[in-house]
Amino acid sequence: MSSGGENIGLLEKPPVDAPAPAPEASARTRRVHIKTFGCQMNVYDSERMSEALGAGGYTATDTPEDASLVLLNTCHIREKAAEKVYSELGRIRAIKIRRAGIGQETMVVVAGCVAQAEGAEIIRRAPVVDLVIGPQSYHRLPALIARIQSGERGLVETEFPEEDKFEHLPERQLAPRARRQTTAFLTAQEGCDKFCTFCVVPYTRGAELSRPVARLVEEARRLVDQGVRELTLLGQNVNAYHGAGPDGNAWSLARLIGALSEIDGLERLRYMTSHPRDMSDDLIAAHANEPKLMPYLHLPFQAGADRILAAMNRKHTAADYMALVGRLRRARPDLALSTDIIVGFPGETDAEFEATLAMVREVVFAQAYSFKYSPRPGTPAASMDRQVPEPVKAERLQRLQALLEEQQSAFARGLVGRTVPVLFEKAGRKPGQLIGRSPYLQSVHVEAADAWLGRVADTAILSAGPNSLAGVIKAQ
Ligand code: 5AD
Ligand code: SF4
């Protein structure tokens, strides 16, 4: 759906509980409940934290009432996202009091981008919190938890440490619950140097950092050995990737994709999120030449008027974006596009908003995420003149979303009668039903044997509903 949501340069995911670390870890294990807000990078981080805690003897639980450690992995991208943390902490405080009544302790950790942005302020507003830990310090989590266990309280760890957290986290080991997982995220790049004037990411996630190629290939291999068939390379600006290659040179994302494509058993690759200015020639060519790279690209354009794009510090014009889309579609004619759009950026006039609608009509998106501009403390746009009144933002968002929803359902209907490869991921709610993903990330429901799980099958699409497609596997 085209909708607002917590999204930090990556697509929104609903809050999820991270996969469990090994339950067999120890007889007297402690339990951890992890709640993840925001984007896929937070989902990835939660998995890595869950694995690190699993190695330290924690097992996961879906119910915070059972947990001796509750960890919120938070999102700061818009005000609503950040406020959710405090209402969640209110609920956790009540649980902590109930548990204390039966002699059980509860440790409370706030991680993620709210932790990074607000630091000690969180403990001031919510004294129930024992530890605030920023996204660059997750490798220190087990040691910090040990300090809390020995009686320390109110710890705040939000420096950008010298060492690289990825080098200090345990190797990927999918938790048993996640072991049937056929898709996984892999953080290739983190942070952002673009400083769009509306965005907190450069402050919360820090400067751009690309992980070395060899590390990523190694992690990808481990995931594929454990049954993963589709990898999504993550980064706030993943197409600015320039990690150290085995030859000592900086490799582009296209080269990394080429190296990952060689892994036997890996069927599909995706990447997100991309900045239009970093769509290099070799990456565009990869869309033509790498069969494992899915024909689906998330490419935010934010606004249709050049004056607004300049005020946003996007450093591209609407015409640049259109020209890029043209080149991508020439390289890969069946490429479907998804995007992010902001309405009501400071100073946006009616005519400028119309330019955004015109751009959407011209490009035609398979999917899109649209948001009302939300002033974020410390960002340049928050103190710009002519903030747009809330009702105007709301009205613009509604009009934009109506157009985007029309395009999204037209795209889905356009697949009816066609055959597309579907990767089957899990059993459906009805017996005998499986759910998979089209190349365009739509859910596809079929009646088929479990043997198809983890496999890609050509599937004829029979019908398109509001949130999913129904199809039938073609005889192989
Ligand atoms: N207000 C509204 N939307 C925002 N985004 C980022 N910062 C803000 C903000 N302050 C949106 C952008 C970005 C997506 C991840 O979230 O569209 O691409
Ligand atoms: Fe934020 Fe802009 Fe960086 Fe994307 S490119 S993370 S919107 S600053």
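Modeller: One term before we start: a residue is near a molecule if one of its heavy atoms lies within 4 Å of it. Also, this is a predicted model.
Colleague: Okay. Which residues surround ligand 2?
Modeller: Ligand 2 has C192, K194, F195, C196, F198, C199, V201 and P202 around it, along with N237, H275 and R314.
Colleague: How does that shell divide into nonpolar, polar and charged?
Modeller: The shell around ligand 2 has 7 nonpolar residues, 2 polar and 2 charged.
Colleague: Switching to strands. What does β2 pair with?
Modeller: β2 covers residues 30–36 and pairs with β3, residues 58–60, in the parallel sense over 3 bridges.
Colleague: Which residue in β3 is the bridge partner of R30?
Modeller: Y58 is the partner of R30. On the β4 side, H33 stands opposite V70.
Colleague: And where does helix α1 come in?
Modeller: Helix α1 spans residues 40–55 and forms a right-handed β-α-β unit with β2 and β3.
Colleague: Helices now. At what angle do α10 and α12 pack?
Modeller: About 35°, with the axes 7 Å apart. α10 is residues 281–289 and α12 is residues 318–331.
Colleague: Which residues make the contact?
Modeller: From α10, D281, I284, H287 and A288. From α12, L324, R327, L328 and A331.
Colleague: How many of those are nonpolar, polar and charged?
Modeller: The contact of α10 with α12 has 5 nonpolar residues, 1 polar and 2 charged.

Note on methods:
Residues numbered from 1 in each chain as written. Chains lettered and ligands numbered in written order. Predicted model: local features only at pLDDT ≥ 70, side-chain atom pairs only at ≥ 80, totals over all residues. Heavy atoms only, no water. Nonpolar A, V, L, I, M, F, W, Y, C, P; charged D, E, K, R; others polar. Pairing = 2+ DSSP bridges. Helix = DSSP H or I, 4+ residues; strand = E, 2+ residues; numbered from the N terminus. Right-handed = clockwise from strand over helix to strand, strands pointing away. Axes fitted to C-alpha atoms, helices over the stretch in contact; angles between N-to-C directions. Contact = heavy atoms within 4.5 Å.
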